[in-house]
Amino acid sequence: VKTNKQGNHTFYSIDKGNFSEDGIYTVNLVTKDRAGNTSESKKAKNGKIKFAIDNASPIINYSGVESEQLVRSKIAKLNVSATDTVSNASVRVTVNGEDTPVKDGEVVLHEGYNQTVVITATDKAGNVATKKLTSISVSDSPFARFIANKWLLAGSIACIILIAGGF
């Protein structure tokens with residue numbers, strides 16, 4: 001504790017090692033003068049200063065759709081959320097580069113082939129996490145599902161070439 005010549009400024013120094021882990025901290029600053037009188041920091045409520053240390057990225061949770069998936073329907077529902085150890089995290093979803101609304105933790109994917117979904121979560125400290133889902137096809141058309149199935153399509157083409165070549 002240091003006091004200036006007028007006796008009205010106090011400086012506190014607390015080792016940053018006390019705050020090395022992510023979390024919410026409360027520090028109570030109390031000054032005691034030579035006469036034994038105490039006072040708490042006037043800039044904080046009841047002398048307490050609250051702050052958070054958050055260096056960790058949020059964790060993305062999703063279900064309903066996976067990479068390389070063929071959904072046999074006109075729509076697919078992707079459930080998304082994010083958790084963080086210190087604060088709430090916001091979630092943003094893009095489908096093929098376009099922002100897609102997240103309503104009550106749910107994203108609706110419409111018919112399409114080889115769609116790419118990017119889920120981005122950002123916490124209040126600005127830490128970011130990203131999850132990319134690729135090659136998602138949504139269709140209730142049997143022909144479209146056949147075209148979207150790369151292995152089946154490639155195998156069929158190979159068979160046609162072999163048959164046409166007389167093998």
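Mentor: Threonine 130 counts as exposed because its relative accessibility is 54%; exposed means over 50% relative accessible area, buried under 20%, and partly exposed in between, with a 1.4 Å probe and protein chains only. This is a predicted model, in which local features need pLDDT of at least 70 and side-chain atom pairs count only at pLDDT 80 or more, while totals for chains, interfaces and linings use all residues. Residues are numbered from 1 along each chain as its sequence is written, and side-chain values use heavy atoms, leaving out hydrogens and water.

Threonine 130 sits in strand β14 (residues 128-138). Helices (H or I, at least four residues) and strands (E, at least two) are DSSP runs, numbered from the N terminus. Beyond residues up to four places away in sequence, threonine 130 touches Ile60, Val118, Ile119 and Thr120; contact means heavy atoms within 4.5 Å. Isoleucine 59 is 71 residues from threonine 130 in sequence, yet their C-alpha atoms are 9.0 Å apart.

Strand β14 belongs to an open sheet of 5 strands, ordered β8-β14-β13-β10-β11, with mixed pairing. β8 (70-71) and β11 (98-100) are at the edges with a single partner strand each, so one side of each has no neighbour in the sheet. Two strands pair if DSSP finds at least two bridges between them. β10 (residues 89-95) and β11 run antiparallel and are joined by 3 bridges; valine 95 has glutamate 98 of β11 as its bridge partner.

One of the contacts of threonine 130, isoleucine 119, also touches Leu78, Val91 and Leu133, among others. Isoleucine 119 is, with Leu78, Leu109, Val117 and Ile136, among the residues that touch the most other members of the largest nonpolar core, which has 19 residues. At least two residues of this core come from each of β9 (75-83), β10, β12 (106-110), β13 (112-123) and β14. A nonpolar core is a set of buried Ala, Val, Leu, Ile, Met, Phe, Trp, Tyr and Cys residues joined through side-chain atoms within 4.5 Å.

Charged side chains come next. The structure holds 1 salt bridge, a side-chain nitrogen of Lys or Arg within 4 Å of a carboxyl oxygen of Asp or Glu. Arginine 92 and aspartate 99 form it, at 2.8 Å from N to O. Arginine 92 is partly exposed, at 48% relative accessible area, and aspartate 99 is exposed, at 53%.

Aspartate 54 is buried and has no salt bridge; its nearest side chain of opposite charge, lysine 124, is 9.7 Å away. In this count Lys and Arg are positive, Asp and Glu negative, and His and the chain ends are left out. Aspartate 54 lies in the loop between β6 (48-53) and β7 (59-63), and its side chain reaches the backbone nitrogen of alanine 56 at 3.3 Å.

β6 pairs with β3 in the antiparallel sense over 6 bridges, and isoleucine 49 of β6 is the bridge partner of valine 27. In a regular strand the side chains alternate between the two faces of the sheet.

Methods: Polar contact = N/O pair within 3.5 Å; in protein donor to acceptor, adjacent residues only side chain to side chain.
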